[in-house]
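Let's walk through the aromatic side chains of this model together, and then look at a few of their neighbours. Have the sequence and the structure open as you read.

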Amino acid sequence: DAPRRGLRIGRPLYEARRALAERLELRGIVFGGRMPGYARARSKVGSPEEYLEQVQEGKLRDPVIGFQLANGFAPIGVLRDYLPRDRASGGFAAHMR
């Protein structure tokens, strides 16, 4: 399916997820987030870990990771073979908490 960017549903969904986690008294939220700019930047950055680091430092932009960072999540690593058919992410995802 095509991305649904611009519909402004991301932040309300993140808030609902956060509220649910609080209501259930969970210790946190952990998930994988696509890195759709990685394949394009691969020759410049090398590893997906380096890509993630450069996005965090503001040297590169990634719409998905940037949104997650802006919503208070932090990367704890990289997930391999997350979505193997996701060519834009090279099959990798940021492991976020």
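How many aromatic pairs does the rule give? The count comes to three, where rings of Phe, Tyr and Trp (its six-membered ring) pair if their centres lie within 6.5 Å, and planes under 30 degrees apart count as stacked, over 60 as edge-to-face and the rest as tilted. Two of the pairs are set out here.

| Aromatic pair | Centre to centre | Angle between planes | Geometry |
|---|---|---|---|
| Phe31 and Phe73 | 4.9 Å | 85 degrees | edge-to-face |
| Tyr38 and Tyr51 | 5.6 Å | 65 degrees | edge-to-face |

Helices here are DSSP runs of H or I with at least four residues, strands are runs of E with at least two, and both are numbered from the N terminus. Both Phe31 and Phe73 are buried; buried means under 20% relative accessible area, exposed over 50%, and partly exposed in between (1.4 Å probe, protein chains only).

Back at Phe31, the charged end of Arg17 sits over the ring, 4.6 Å from its centre. For this, NZ of Lys or CZ of Arg must be within 6 Å of the ring centre and within 35 degrees of the ring normal.

Gln68, found in helix α4, is buried, with a relative accessible area of 3%. Contact means heavy atoms within 4.5 Å; leaving aside neighbours within four places in sequence, Gln68 is in contact with Tyr14, Phe31, Gly33, Phe73 and Met96.

Asp86 has its place in the loop between β2 and β3 (93-96). With a relative accessible area of 12%, Asp86 is buried, and beyond neighbours within four places in sequence it is in contact with Arg34 and Gly91.

A note on reading these values: this is a predicted model, so local features need pLDDT of at least 70 and side-chain atom pairs count only at pLDDT 80 or more, while totals for chains, interfaces and linings use all residues. Residues are numbered from 1 along each chain as its sequence is written, and side-chain values use heavy atoms, with hydrogens and water left out.
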